[in-house]
Each structure stands twice: as structure tokens, then as C-alpha cells.
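Hi everyone, thanks for coming.

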Amino acid sequence: MQCDSLRKRQICRVCRSCQVIYSQFCLAIHQNDHQARRRFVEWAQNEIAIVPDFHKRILFSDEAHFWLNGYVNKQNCHIWSEANPQVYVETPLHPEKLTVWCALWAGGIIGPYFFKNDEGHNVTVNGDRYRAMINNFFIPELNNHDFQELWFQQDGATCHTARATIDLLKDTFGDRLISRFGPVNWRPRSWDLTPLVYFLWGHVKSLVYADKPQTLDQLEDNIRRVIADIRPQMLEKVIENWTSRLGYIRASRGSPMPEIIFKM
């Protein structure tokens with residue numbers, strides 16, 4: 001879940017009765033982004049030159065919200081601008097939603113994991129809940145794989161980069177951690193290099209509302225089913241596409257990709 005962009009929210013007075021909120025997202029490109037992204041790309045390509053299947057050993061992770069009313073907050077739709085683009089997105093004020101986490105790699109998908117409290121109610125993610133997920137779900141799932149050679153990637157959301165979280169991940173992955181404040185720095189505003197953003201969430205959200213789920217339980221079942229149906233061959237293409245993205249970003253000297261939706 002990317003939390004590096006500035007977010008302003010203001011309620012439209014005309015629509016206050018219907019509880020509509022207008023969100024203004026300023027996705028400004030920071031001055032040093034291009035150079036930093038290029039450094040990360042060069043590092044990744046050097047690793048692939050040494051270990052040809054290096055890109056297949058990275059567990060990419062992310063969270064997404066799924067709204068029961070079918071509103072799709074497509075995290076893979078971003079507006080890149082050097083100034084505030086003044087774009088407004090209309091969203092419900094108090095929607096029912098699920099917060100879902102997954103890790104994706106060439107070997108499969110770990111998850112989905114749905115954030116819930118002790119009473120089983122759906123909640124959003126914070127640092128304590130994220131660490132509980134790692135301890136109680138992610139690490140036990142890793143035991144089904146040879147994770148001694150796997151790397152783990154996460155974005156710069158605050159719940160990901162708290163000192164307690166980074167220490168926990170270092171205990172598991174050592175130096176094989178790609179994260180802000182980690183051994184390998186993950187650059188902010190790099191949705192075009194996150195397979196869950198350029199592929200998984202858009203793919204899942206395009207399918208789970210087909211039968212118009214009426215409850216969060218039905219929506220959760222749909223999410224589980226759609227993710228379980230993703231074939232290994234598709235994941236292999238997604239990860240190979242990642243290496244093509246590295247090449248584009250290096251050739252463009254760190255610029256964001258103009259089209260970041262994954263195409264089969």
C-alpha cells in the first residue's frame with residue numbers, strides 16, 4: 001500500500017447528504033526519484049547478470065482495498081506530474097471494504113490474507129496488525145518453500161517500515177530485504193515495478209464483482225477463488241515482464257512508465 005503521495009480530502013457541500021467524498025491526489029514526482037529509481041534498476045539488473053533467475057526469487061508484496069459496493073480504487077491508475085494535477089476521484093464516505101494482503105513471486109502467490117480483529121471483523125492495516133500477519137501467517141506459509149534464497153519486497157507504507165517491522169523481517173530474510181530502511185532501498189512512487197499493482201489487483205478486481213456480491217463474506221470468497229485460479233504460466237509472464245520494465249526504466253533514465261497496466 002503506497003503511502004508516499006500527498007492526499008487531501010474535502011467533502012463536497014452539495015453532496016453531503018449522500019455522503020460522497022471527493023479525494024484529491026497529488027502524485028508529484030520528486031526531483032531525485034529518477035536517479036534513485038535508476039540506481040535500483042541497475043542493482044537489480046546486476047543481480048540478474050550474476051544469478052539469471054534472481055528476479056524469480058523475489059517475493060513482491062502489497063495490500064489493497066476491495067469495496068463491497070464495487071467501487072474499484074485501482075492502485076495501478078496513477079497520474080504522474082511534476083505539479084499538482086488537480087484530479088478529483090469520487091468515493092463513498094463510509095464504504096464497507098476488505099483490506100487484503102498478498103505476496104507474489106514466480107513460484108506462486110502467498111495469500112490472500114484478510115486483516116481482521118480478534119472478533120473477526122474486517123479492519124484496515126496498521127503496524128501491529130502487519131507484524132501479526134507476518135508472524136502468524138506469512139512466516140508459517142514460508143515454511144512450505146525453500147525461502148533461504150528468497151528475497152522479500154515491500155513498499156514504504158509506515159506500517160511496513162516501523163523499526164519493529166524491519167527488525168522482524170531482517171530476522172527472517174537477513175540482507176535479502178528490499179524495503180525503505182532495509183538493506184536494499186525500495187524507491188517510493190515505483191508502482192510500475194510492483195507486480196501486484198501492474199497486474200494482480202487489477203486482474204482480481206476485474207473479476208470479483210461479476211456476480212455482484214451482497215456481503216463481505218461473498219466478496220472474500222470471490223477474492224480467494226479468483227486468486228486460486230491464477231495459473232503458474234501467468235505468473236511466469238508477469239515476472240518476466242518485470243525484467244522488461246527494468247530495461248525500460250533504465251533506458252528512460254528512471255522515468256515512470258507511461259502505461260503501467262500489465263498486458264498478456
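Let's start with a pair of charged side chains: Lys56 forms a salt bridge with Glu240, with the closest N and O atoms 3.9 Å apart. By salt bridge I mean a side-chain nitrogen of Lys or Arg within 4 Å of a carboxyl oxygen of Asp or Glu. Before going on, a word on the source: this is a predicted model, where local features need pLDDT of at least 70 and side-chain atom pairs count only at pLDDT 80 or more, while totals for chains, interfaces and linings use all residues. Residues are numbered from 1 along each chain as its sequence is written, and side-chain values use heavy atoms, leaving out hydrogens and water.

Back to our pair. Lys56 sits in the loop between α1 and β3, and Glu240 is in helix α7, so the bridge ties together parts that are 184 residues apart in sequence. When I name helices (H or I, at least four residues) and strands (E, at least two), those are DSSP runs numbered from the N terminus.

Arg57 is partly exposed at 23%, and so is Asp53 at 32%. Salt bridges with shared partners also join Asp53, Arg57 and Glu149 into one network.

Now please look at Arg37, which forms a salt bridge with Asp192, the closest N and O atoms being 2.9 Å apart. Arg37 lies in helix α1 and Asp192 in the loop between β8 (177-178) and α5, so this pair ties together parts 155 residues apart in sequence. Arg37 is buried, with a relative accessible area of 3%, and Asp192 is buried as well, at 0%.

Let's turn to the helices. α5 and α7 pack at an angle of about 145°, with their axes 10 Å apart. The axes are lines fitted to C-alpha atoms over the stretch in contact, and angles run from 0 to 180 degrees between N-to-C directions. Which residues meet here? From α5 we have Pro195, Tyr198, Phe199 and His203, and among their partners in α7 are Met234, Leu235, Trp242 and Arg245. Contact means heavy atoms within 4.5 Å.

Next, the nonpolar core, which is a set of buried Ala, Val, Leu, Ile, Met, Phe, Trp, Tyr and Cys residues joined through side-chain atoms within 4.5 Å. The largest one has 42 residues, and Phe66, Leu200, Leu219, Ile223 and Trp242 touch the most other members. Among the elements that each supply at least two residues of this core are α1 (33-50), β3 (58-67) and α7 (232-251). A second, separate core has 25 residues, including Ile134, Leu142, Leu150 and Ala157.

One last stop: Thr172, in helix α4 (residues 163-173). Thr172 is buried, with a relative accessible area of 17%. Setting aside neighbours within four places in sequence, Thr172 is in contact with Ile139, Leu142 and Phe147.

Key: Buried means under 20% relative accessible area, exposed over 50%, partly exposed in between (1.4 Å probe, protein chains only).
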